[in-house]
Amino acid sequence: LGIGYVQAIVEQSVLSDEEQEEEEEDDEEEEEEEEEEGEEESRRFHHNHHQPEQAKKPDSICHHDAPSFKTYLPPSSLEPECASKAAPVPSTAAPSASIPSATITPNTSTESLKTFVFKSDSSSSLLDVPLQDLPDDDIAHAVARGAIPMHSLEVQLGNTLRAAAVRRRAVEIKTGRSLSGLPLENYDYDAIRGACCEMVIGHVAVPVGVAGPLRLDGADVFVPMATTEGCLIASTNRGCKALCAAGGARSVVLRDGMTRAPAVQLPSALRAAELKAFAESPENWDMLADAFNSSSRFARLQSISVAVAGRTAFVRVESSTGDAMGMNMVSKGTRNVLGALLGAFPDLRVVSMSGNYCADKKPTAVNWIHGRGKSVVCEATIPGHVVRSVLKTSVEALVELNTTKNLVGSAVAGAVGGSNAHAANMVAAVFLATGQDPAQVVESSHCLTLLEPANGGADLHASVTMPCIEVGTVGGGTFLAPQAAALSLLGVRGAHPLQPGANAQQLARVVAAAVLAGELSLCSALASGDLVNAHLKYNRSTVNAAGAAAAAAAVDAAAAAADAAASAVAAPNASSGAAVFRAVASDSEQSDCSEGSSSGGSIGSLEGLCMADKC
C-alpha cells in the first residue's frame, strides 16, 4: 500500500532515568539510520495533515487521561474511496518490527500525543501531530479497525459532539450502513456524559403529547406522555374527560419505600436462620438503623425482612429516599447494614449486592404483595350518563368486560400484577416524558383494575391499585432539559423544598390517575367494539400510502388470478379461496394493535382467517 501512518498515544513515562537514557540512545541510532529514507515521507505526511482548512481543534483535551496504545490509520489517498463506499477498511497494520518499542514512550518532558510515520521497509520517523488535529474520517477508520478504543473518543478528542460524530462514522464504516436518519446535532452531549448514556452516536426524538385536563385531588393537571403509539394519548384524553365530568379522581399513597435485597451465604441453614432472627429482632433495630441512616441525609430505614433458602439468606432492606427514585441511596445504606451484620456473623459471605429479592425490573410476587417504591390507589365514581355519553358504553358492559378480561383472563394467563387492560402504556409514556428509568416500567405497571357497579348499578366505581410505582423527581434523566420541562408542567420538578418526597409522591399519583383514565377508555372501546376501527383510523402511517395502494392492487390481481385458475379446474370453493386470500392480505396490511376487539371489528377478516385455517 506504500506509505501508511501510525498514531501512538502514550501516558507519562514512569521509567527510571537510566532506562530513559538507554531508550533515547536507541531512538537516536534508529532515527539516524532511517533519516535519509524517511525524510521525504515525513514531509509528505506533514503537508497532508497540517493544512489550515483541515485542522480542527476542539476547545480542550485532557492529555493525562489518554490511555497508551498504537493506532493504525490508512493512507490518505485511500480515505475518500473508503468513505464513499461506507464499508469496513482492511487492516493496514505494519509488521511489529517497523515500530521499535523504544519510540512509543517519549521523554516525560515531551508531548504525550505523538504520530509515527512508517514505510514498508520498517523505517520510521517521529512527528508531533496530536490526534485531534487529524481529520475525523481518518480517526473513524482507525476506530473501525479497533486501533482506537471507541469508548475513549471523548477523552482523546476533548469534544463530546465531535466524539459522537467520529464514533457514528466508525459504526457506519464497520457495518456499511448509513445512520443519516439518526439526529446528531442540537443536543447537550456534555450533560449526559458520565450520567445518562455512553458510546453516544446521536439522539432519538420521541413525540410528546398531553392528556388533560385531568382533575386529580381537586386540581387540574395536564399529563405529559411520550409515545409513538397512535390513539394512546387520544384514548387517555377521553378517560380524562370522563373523570372531569365525574368530578375528578381521588388518590392515596399507601406506602413509600425503595428496597434492596442482597444475597448472603452462611455455613449452614441453621446459621442463616439465626441471621434472620437477628436482623428482624426489635432489639437490634437501633443498631442496624443507625448504620443505614448514616449513609444519607434523606434515606431512613423502614424495615428489614429476611427470606431463607437453604444456607442462603436474602436480606430485603426498605427505606424512604426523599424525592429520588432511590436505588443508589438504598444500596449505599444496605452496604452499611451488611457491615453491621458481619460484626455479629463473621462467617457471613456476600454473594451479590442484589439477590433478585428486591426485586428490580422484574414482575414478581414480592413486589405485588409488599410493594416497592410508591404504593398508590386512585379511584373515581363515574355517573351512568357520563359512561353513556363520553365512554359510549354502559355500566353493565364495563363491569362484565373487566371481570372477564382483567380478572379471569389474567388469572388464566397466570399473570403477576397484570390484572389490567394496558397500564404499561400510560406508565411507559409518562416515564419517558419525565426522565424515569424505562426498564422499571416492568414492575411499575403492576396494576389491579376494578370496575364495579355503584349506587344500585346506576353508576360505575372505577379504581386502580398500583403497589410499586418507582419514580423520582431528582436524579436519573430528570435533569435533562426536555424531561425537566415535563416535570415543571406537573409542578414537581426537583426536590420539594419543605417536604422531602412530596414531589415524587405527587408524580406517582399522576401516573396512577393517567392509568385510571387509560383503563376506562380502553375498556370502554373494547366493550363497545370501537377499538379496531379507532386504531385503523388513527394508528396507521400514511407515509407508505402509495405502496399500500400498490400492494392492495397486487392483492386484487392475485385474487382474480386465483378465481380464474379455480374456474378453469372447476374447483368448488374457488371464490371462497380468493375471498380468504383477500381477507388475510388485508388483515396483514393493518397496523399492529395493542388490543384486539371482542366485537365490532372486521368480521370479514376474522371469517377469512378461520377459512384459511380450514384450508
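**Note on the predicted model: salt bridges, backbone features and cores**

1. Arginine 271 and glutamate 274 form a salt bridge, with their closest N and O atoms 2.8 Å apart. A salt bridge here is a side-chain nitrogen of Lys or Arg within 4 Å of a carboxyl oxygen of Asp or Glu. Both residues belong to helix 8 (residues 269-280), and because they are three residues apart there, about one helical turn separates them. Arginine 271 is partly exposed at 23% relative accessibility, and glutamate 274 is also partly exposed, at 41%. Buried means under 20% relative accessible area, exposed means over 50%, and partly exposed lies in between (1.4 Å probe, protein chains only).

2. On the basis of the note: this is a predicted model, in which local features need pLDDT of at least 70 and side-chain atom pairs count only at pLDDT 80 or more, while totals for chains, interfaces and linings use all residues. Residues are numbered from 1 along each chain as its sequence is written, and side-chain values use heavy atoms, with hydrogens and water left out.

3. The chain contains 21 helices and 14 strands. These elements are DSSP runs numbered from the N terminus: helices are H or I runs of at least four residues, and strands are E runs of at least two. Of the 615 residues, 47% count as buried. The accessible surface of the chain is about 28800 Å², and carbon and sulfur atoms account for 55% of that surface. Such areas come from the Shrake-Rupley method with a 1.4 Å probe; for residues, only the protein chains shown count as cover.

4. In total, the structure holds 17 salt bridges. Which residues are linked in a network of salt bridges? They are Asp360, Lys361, Arg372, Asp437, Glu443 and Glu470. Within this group, aspartate 360 pairs with lysine 361, the closest N and O atoms being 2.8 Å apart. Aspartate 360 is buried, with a relative accessible area of 11%, whereas lysine 361 is partly exposed at 32%.

5. Lysine 361 also meets aspartate 437 in a salt bridge (3.2 Å, N to O). This pair links distant parts of the chain, 76 residues apart: lysine 361 lies in the loop between strand 11 (349-352) and helix 11 (365-370), and aspartate 437 in the loop between helix 14 (423-434) and helix 15 (441-444). Aspartate 437 is partly exposed, with 28% relative accessibility.

6. Alanine 359 lies in the loop between strand 11 and helix 11.

7. Asparagine 186 has phi near 60° and is found in the loop between helix 5 (160-175) and helix 6 (189-192). Asparagine 186 is exposed, with a relative accessible area of 77%. For aspartate 217, phi is near 55°. Aspartate 217 is located in the loop between strand 5 and strand 6 (219-226) and counts as partly exposed at 38% relative accessibility.

8. In soluble globular proteins, nonpolar side chains tend to be buried together. A nonpolar core is defined as a set of buried Ala, Val, Leu, Ile, Met, Phe, Trp, Tyr and Cys residues joined through side-chain atoms within 4.5 Å. The largest such core has 60 residues, among which Met225, Leu243, Leu460, Leu516 and Leu520 touch the most other members. Helix 17 (residues 502-528) gives the most to this core, with 15 residues. A second, separate core of 29 residues includes Ala289, Phe292, Ala299 and Ala340.

9. Contact means heavy atoms within 4.5 Å. Leaving aside neighbours within four places in sequence, methionine 225 is in contact with residues including Pro207, Leu232, Ile233, Met426 and Val430. Across the chain, among contacts between residues at least 6 apart in sequence, 73% join residues at least 24 apart.

10. How do helix 14 and helix 16 (residues 481-490) cross, and at what angle? Their axes come within 6 Å and cross at roughly 115°. Axes are lines fitted to C-alpha atoms, for helices over the stretch in contact, and angles run from 0 to 180 degrees between N-to-C directions. The two helices are therefore roughly perpendicular to each other, a term covering 65 to 115 degrees. Leu432, Ala433 and Thr434 of helix 14 make the contact with Pro482, Gln483, Ala486, Leu487 and Leu490 of helix 16.

Note on methods:
Parallel < 35°, antiparallel > 145°, perpendicular 65-115°, else oblique.
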